[in-house]
Amino acid sequence: GNNLTVNNTPATADVDAGTSTVELVASGGTLTVGTGADVHGDAKVTLTADAMTINGTVTAASTGNDSDINLVVQPASPARNISLGIEDGTRLSLTQSELDKFTGNALQVGNTSVGDISGAGNVTAPVGVAKLLLVSSANTIEVFNSQLAGLLAGAILPVPRVEIASFSAASIS
């Protein structure tokens with residue numbers, strides 16, 4: 001039931017696991033990475049809380065296969081809903097600005113025990129990651145950093161859709 005805050009210190013990385021894994025959990029509270037703070041773990045970084053404020057950087061090694069999930073952001077409570085792009089006090093909310101603080105191979109938001117993920121059309125994959133995975137209890141959607149925010153047309157997971165008014169001259173896959 002406590003909050004967990006990583007503050008900016010004189011150290012290069014305020015939480016540094018070197019080649020190992022960082023796992024920060026604020027069960028029942030808010031996890032905050034303060035402005036100027038840096039969380040670093042080469043193997044993997046997992047942040048778990050029902051509310052988060054990410055103002056500093058979160059970095060995992062960017063070596064290896066793009067499919068290697070080395071950044072995970074997930075709620076502490078099972079069936080907790082997630083909101084992307086818009087702050088919502090009743091959900092774990094992540095804005096585009098917060099997502100852009102992550103650097104690594106692949107960033108996974110959610111897990112197979114979370115509720116709905118809304119607002120997928122409001123965000124893009126962060127520039128610092130090869131892909132963004134949105135994982136709910138019923139579905140996984142991969143958003144590569146070259147895709148546009150409107151790809152999911154504002155759908156709530158697990159009901160994504162792509163609408164096309166007209167198209168000609170090439171194939172779509």
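A salt bridge here is a side-chain nitrogen of Lys or Arg within 4 Å of a carboxyl oxygen of Asp or Glu. Lys and Arg count as positive, Asp and Glu as negative, and His and the chain ends are not counted. The structure is a predicted model, in which local features need pLDDT of at least 70, side-chain atom pairs count only at pLDDT 80 or more, and totals for chains, interfaces and linings use all residues. Residues are numbered from 1 along each chain as its sequence is written, and side-chain values use heavy atoms, with hydrogens and water left out.

**View 1. The whole protein and its confidence.** Helices (H or I, at least four residues) and strands (E, at least two) are DSSP runs, numbered from the N terminus. Along the sequence the pattern reads β-β-β-β-β-β-β-β-β-α-β-β-β-β. Of the 173 residues, 45% are buried. Buried means under 20% relative accessible area, exposed over 50%, and partly exposed in between (1.4 Å probe, protein chains only). Mean pLDDT is 82, and 78% of residues reach 70 or more; pLDDT is the predictor's confidence in each residue, from 0 to 100. Over residues 146-162 pLDDT stays under 50, and the model has 36 contacts there beyond four places in sequence. Contact means heavy atoms within 4.5 Å. Where pLDDT is low, the predicted coordinates should not be read in detail.

**View 2. Arg 80, a buried charge without a salt bridge.** Arg 80 sits in the loop between strand 7 (69-74) and strand 8 (82-84). Arg 80 is buried but forms no salt bridge. The nearest side chain of opposite charge is Asp 50, 4.0 Å away. Beyond four places in sequence, the contacts of Arg 80 are Asp 50, Pro 75, Gly 89, Thr 90, Arg 91, Leu 92, Val 114 and Gly 115. Ala 79 is in the loop between strand 7 and strand 8 as well. Ala 79 is not a glycine, yet has a positive phi of about 70 degrees.

**View 3. The open sheet 9-8-11.** Three strands form this open sheet, in the order 9-8-11, with parallel pairing. Strand 9 (92-94) and strand 11 (117-118) are at the edges with a single partner strand each, so one side of each has no neighbour in the sheet. Two strands pair if DSSP finds at least two bridges between them. Strand 8 and strand 9 run parallel and are joined by three bridges. Leu 84 has Leu 94 of strand 9 as its bridge partner.

**View 4. Strand 5 and its partner strands.** Strand 5 (residues 44-54) is largely enclosed by the rest of the structure, because eight of its 11 residues are buried. Strand 3 pairs with strand 5 in the parallel sense over 10 bridges. Here Ala 26 has Ala 49 of strand 5 as its bridge partner. Strand 5 also pairs with strand 7, again in the parallel sense, over four bridges. The bridge partner of Thr 48 is Gln 74, in strand 7.

**View 5. Thr 21 in strand 3.** Thr 21 belongs to strand 3 (residues 21-33). Thr 21 is partly exposed, with a relative accessible area of 42%. Leaving out residues up to four places away in sequence, Thr 21 touches Ala 43 and Lys 44. Thr 21 and Asn 70 are 49 residues apart along the chain, and their C-alpha atoms are separated by 9.1 Å.
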